[in-house]
Structure formats: C-alpha cells, structure tokens
Amino acid sequence: MQYRIGYIGFGGMASGYHYDTAMREDVPFTPTAVFDLRESQRTLAKERGLKAFDNLKDFLDSRLFDFVLVATPNQYHCPMVCAALDAGYHAMSEKPVAMNSGEIEQMIAHAEKAGKIFTVHHNRRWDRDYLMLKQALETGRIGNVFAYENRIHADGNGQMSGWRACSDHGGGMYLDWGIHMMDQTLDLIREPVKTVFAEIRSIRTAGVDDYAKVLMRFESGVTAQVEVSTFAPLQPPQGSVCGDRGSVIIDSCCGETGRMRWVSEAHDSERGDTVYPDSTVSVRQAEHFNKDKVEEASLPLSFVPQDWASLYKNLAGALDGTEDLIVTPQSVLRCFRVVEAAFRSAETGKSVDL
C-alpha cells in the first residue's frame with residue numbers, strides 16, 4: 001500500500017533526506033503536503049508540487065496525508081507529534097525526539113489513545129558499521145560479550161552550528177550524535193542498565209556540550225562506553241566488542257572495514273591443571289595464544305548493505321500489519337532515560353543508578 005506523507009517543518013532534513021527517500025520507487029510513501037511558518041519553505045514545497053500551509057489546523061484538517069513527519073526544532077516535537085496523533089494520523093519525529101522523557105511518555109500516551117503508530121527517526125540502526133558488528137556477533141565466535149565501545153569523533157573544527165549550538169533547541173553533540181550511538185548500544189545490549197557515569201563538557205563550543213563520554217553497567221555485568229566529540233583530527237576506531245573468546249574492531253562510521261579475531265574451541269583442550277607441591281589447590285595454567293589456534297577474519301563477513309530507507313520500509317510494513325515496528329516508542333523511551341541519567345551524572349560527578 002502507498003502512504004501519503006505530510007511534513008511539519010520542511011527544513012534541511014525534511015526537504016532533503018526525508019523527501020528524497022520518500023521519492024524513491026522502492027519506498028511506499030508519497031509526499032503531499034507541508035506545514036511551515038517560513039515562506040521560503042512553503043515556496044519550495046509548492047515548487048515540488050506539494051500543498052503548503054502556514055496554519056497547523058488547516059494542515060491537519062486537510063486530510064491530504066496518512067502519516068506525519070515532524071522535523072521542527074526539537075522543543076516543538078512533542079506538541080506537534082501529539083497534535084498529529086490526536087488528529088488521527090500516524091507520526092514519526094526526527095531525533096532527538098524530545099527535551100525530556102516526560103514528553104516521550106506524553107507522546108506514547110497520545111499514540112495509544114489514538115490507536116496510531118508513533119516512532120522516531122533512529123535511522124542509524126541501519127549503518128553499515130553497526131550491521132557489520134551485529135553480523136560478527138551473530139557468528140558466536142567471540143563468545144559471551146563483556147565489554148562494548150561505540151564512538152563518533154568529527155574531524156571538523158569542533159564548532160557546533162545552527163540549532164545544534166542552541167541549548168534551548170536541545171542542541172549539543174550528545175543529543176545530536178550521542179543519541180544515535182546510545183540507541184545502537186541499547187539495541188545491541190537488550191538488558192536493563194543498572195548504573196551510568198558520564199563526563200559531558202564544552203571544549204570548543206560555548207553554550208552547549210561538544211564532548212561526552214558515558215559509561216554504563218548492565219544487569220549482567222556487561223559494560224559499555226559511548227563517546228562523541230566534535231574535534232578529532234586523528235580518528236580512533238568507531239567501536240569494539242570484547243568477548244570471552246575474542247574481539248571485534250570496527251574502523252569507521254558507515255565504513256566497510258573491520259576485523260574479528262577469536263580463539264578456536266580446540267584451544268581449550270590444550271589447557272591443563274597444575275597441582276603445586278604440598279598444596280591441595282589446583283591452579284589453572286596461564287593461557288597463551290597459540291598462533292595456530294587463533295583465527296582472524298576481515299569484516300564484513302558477507303556483503304552488508306547500508307540503506308537508511310530500511311526504516312521507512314519497516315514503517316510501511318508496520319502500517320500494513322505485516323511487520324513489527326523496529327524503532328518502538330518503548331526503545332526510544334529507554335534510550336532517553338539513559339541519556340537523562342548521563343546528564344545528571346555529569347552535573348553531579350557521581351554515578352546514577354537506574
């Protein structure tokens with residue numbers, strides 16, 4: 001089934017990425033209408049054959065669409081999503097979805113009352129580097145995961161710009177990029193977060209954060225680190241995972257390279273026990289990797305396509321009733337609660353229990 005999209009806010013993301021994605025032949029969405037207070041963006045919409053509105057009520061009353069994308073400044077996401085849901089439309093918000101978790105709870109309540117789908121544009125669950133990592137873990141070769149690192153370091157001049165430089169708009173590197181890294185991390189490790197400790201600072205941009213390091217400990221004892229910054233002329237690896245049989249390193253965001261090294265099962269049979277004289281204590285001999293028993297593979301293990309439009313395709317499946325929604329409101333709320341805990345930790349200098 002083909003679904004019609006109405007856009008609330010037709011700025012860079014909506015008029016660029018989102019519009020272009022919806023225009024793809026393999027994506028079952030059709031742009032039809034725009035609400036934007038800026039005449040320039042309404043003019044752009046009309047040039048593309050879309051109906052343009054400068055009044056929200058008239059836009060929602062038009063019934064020219066089935067689904068609403070909200071791509072306004074962040075502080076308006078909640079009221080606009082709720083208005084769209086209340087008017088009987090399915091809705092997706094750009095990220096960061098809200099200014100606080102209470103707003104997300106409010107949007108979820110409106111969606112449940114209206115019986116409509118509500119989701120968030122967490123498209124980076126389809127990043128190639130992240131999909132490579134998930135594929136590597138699915139092989140089981142590195143065993144049980146106990147530590148994970150995920151990071152993004154921009155190689156620019158370190159300055160946040162536009163709404164990202166305005167705290168009132170929900171700016172800052174942590175909410176802008178960190179929300180993606182956190183969403184990936186919590187999608188990978190699907191268990192409760194027990195403690196959060198964070199350092200969130202302004203290094204080169206006055207007024208908002210441009211560096212953040214967040215450490216998490218999960219219920220099982222697994223630890224994870226999310227790190228983002230705006231200034232890194234020398235790029236560190238995108239991420240790494242350590243397991244009790246091996247490890248994985250991903251080289252760069254959306255890149256195509258990485259590697260995995262693991263110890264083969266045969267290595268276990270070479271370990272023995274040593275009983276020291278005059279002692280009843282059996283001590284396990286120290287393990288040393290035998291080169292013949294250590295295996296390595298370059299990533300991807302098979303071709304891993306990167307297609308952010310997969311989010312739209314999954315959304316269409318959810319609307320059709322043929323697929324489960326991947327970016328659920330509950331996963332978004334879980335992510336934002338950890339984000340808020342990180343901000344509290346950074347303010348107090350102490351760990352925060354969840």
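Modeller: There are nine helices and 17 strands in this protein.

Colleague: What makes a stretch count as a helix or a strand?

Modeller: Both are DSSP runs numbered from the N terminus: helices are H or I with at least four residues, and strands are E with at least two. Mind you, this is a predicted model, where local features need pLDDT of at least 70, side-chain atom pairs count only at pLDDT 80 or more, and totals for chains, interfaces and linings use all residues. Residues are numbered from 1 along each chain as its sequence is written, and side-chain values use heavy atoms, leaving out hydrogens and water.

Colleague: Why is Arg63 called partly exposed?

Modeller: Its relative accessible area is 43%. Arg63 sits in the loop between helix H3 (56–61) and strand E4 (67–70), and its phi is positive, near 55 degrees, though it isn't a glycine.

Colleague: And how much of the protein is buried?

Modeller: Of its 354 residues, 49% count as buried.

Colleague: What makes a group of residues a nonpolar core?

Modeller: They must be buried Ala, Val, Leu, Ile, Met, Phe, Trp, Tyr or Cys, joined through side-chain atoms within 4.5 Å. The largest such core has 98 residues, and Phe29, Met182 and Met216 have the most contacts inside it. Helix H9 (residues 329–348) gives this core its largest share, eight residues.

Colleague: Which residues does Met182 touch?

Modeller: A contact means heavy atoms within 4.5 Å. Leaving aside residues up to four places away in sequence, Met182 touches Tyr174, Val214, Met216, Val226, Cys335, Val338 and Val339.

Colleague: What makes a space a pocket?

Modeller: On a 1 Å grid over the protein atoms alone, a pocket is an open set of points with protein on both sides within 12 Å along at least five of seven lines, whereas in a cavity a 1.4 Å probe fits but cannot get out. Lining residues have an atom within 4 Å of a point. The second largest pocket has 13 of them, with Ser167, Gly170, Gly171, Leu175 and Phe343 nearest its centre. H9 gives the most to this lining, four residues.

Colleague: Where else does a residue other than glycine have a positive phi?

Modeller: Cys254 has one, about 65 degrees. Its place is the loop between strand E12 (246–250) and strand E13 (258–263).

How values were computed:
Buried < 20%, exposed > 50% of the residue type's maximum accessible area, 1.4 Å probe, protein only.
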